[in-house]
Amino acid sequence: MKAPAGKSGNPLMRAVGALAVLAALAALFFLIEPGAAYNWIKALHVIAVISWMAGMLYLPRLFVYHAEAEPGSEKSETFKVMERRLLRAIINPAMIVTWAAGLWLAWHGFAFLGGWLHTKLVLVLILSGVHGYLSASVRLFAEDRNQKPARHWRIVNEVPTLLMIAIVILVIVKPF
Ligand code: HEM
């Protein structure tokens, strides 16, 4: 039988599972010979970043339309499926790979030193907090408990964009 939207799995267990996968990936990367692997891991990092950001920009856009749909309508149920699949199949795995590869690069390339890197880490932590907020919102929408108007989601939509611009400038220009 198909699980109802948002009801499959305990969120705490899913978070613990995600952290375990992150730790396993990070451990795997740390066993790799750094010289040979740096550019490959950086390529993997950028691919994961693109996937994470694509999802983080699309999900609040779906919420804008979902907030305007009548709860229980066919449109609303379709949005629930789209949101759940986007979160589980793209956004969550992409965030884990971004973090694992990013931490590896930060250690092997920069020994975790540099003002740009520390600032980038703070902004990525904020971005991960936005990820958590969007993930919790998928659950609220799935249970028809969203109270926020479409305007709220339009504003939330801008947050990952602004963070991404600052993060990319920091890592490429390295201004300090
Ligand atoms: C999750 C934590 C993250 C860490 C620890 C991290 C760390 C790093 C490090 C150390 C590099 C290598 C820089 C170099 O070789 O010059 C890098 C590359 C890069 N990162 Fe991240 N990153 C993270 C997340 C992100 C996010 C969220 C974005 C974008 C929104 C991003 C965008 C990039 C880009 C575009 C590059 C390639 C830069 C280049 O080749 O010059 N990273 N990252």
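Colleague: Why is leucine 117 called partly exposed?

Modeller: Leucine 117 has 19 other C-beta atoms within 10 Å, whereas a buried residue needs 20 or more and an exposed one has 12 or fewer; the count of 19 lies in between, and therefore leucine 117 is called partly exposed.

Colleague: Which residues is leucine 117 in contact with, leaving aside its neighbours within four places in sequence?

Modeller: They are Ala106, Phe110 and Phe112, and to be in contact means that the C-beta atoms of the two residues lie within 7 Å. The C-alpha atoms of leucine 117 and leucine 170 are separated by 7.5 Å, although the two residues are 53 apart along the chain.

Colleague: What makes the pattern of the chain α-α-α-α-α?

Modeller: The secondary structure comes to five helices and zero strands, and reading along the sequence gives that pattern.

Colleague: What is known about how H1 and H3 pack?

Modeller: Helix H1, residues 11-31, packs with H3 at an angle of about 35°, their axes being 9 Å apart, and the crossing is right-handed. Among the residues that meet are Leu22 and Phe29 from H1 and Ile96 and Trp104 from H3. By class, the residues of this contact divide into 14 nonpolar, one polar and no charged.

Colleague: Which residues are closest to the ligand?

Modeller: Of the 21 residues that surround the ligand, the closest are Trp99, Gly102, Leu105, Ala106 and Val124. Helices H2, H3, H4 and H5 each give two or more residues to this shell, and H3 gives the most, with eight. The shell has 16 nonpolar, four polar and one charged residues; Gly102 is one of the closest, and Gly counts as polar.

Colleague: How confident is the predictor, and where is the pLDDT below 50?

Modeller: The chain averages a pLDDT of 91, and 94% of the residues score at least 70. Over residues 1-7, however, the pLDDT is below 50, although this stretch has 10 contacts in the model beyond near neighbours in sequence. Where pLDDT is low, the predicted coordinates should not be read in detail.

Key: Residues numbered from 1 in each chain as written. Predicted model: local features only at pLDDT ≥ 70, side-chain atom pairs only at ≥ 80, totals over all residues. Helix = DSSP H or I, 4+ residues; strand = E, 2+ residues; numbered from the N terminus. Near = placed C-beta within 6 Å. pLDDT = per-residue confidence, 0-100. Axes fitted to C-alpha atoms, helices over the stretch in contact; angles between N-to-C directions. Left-handed = near helix turned anticlockwise from the far one by under 90°.
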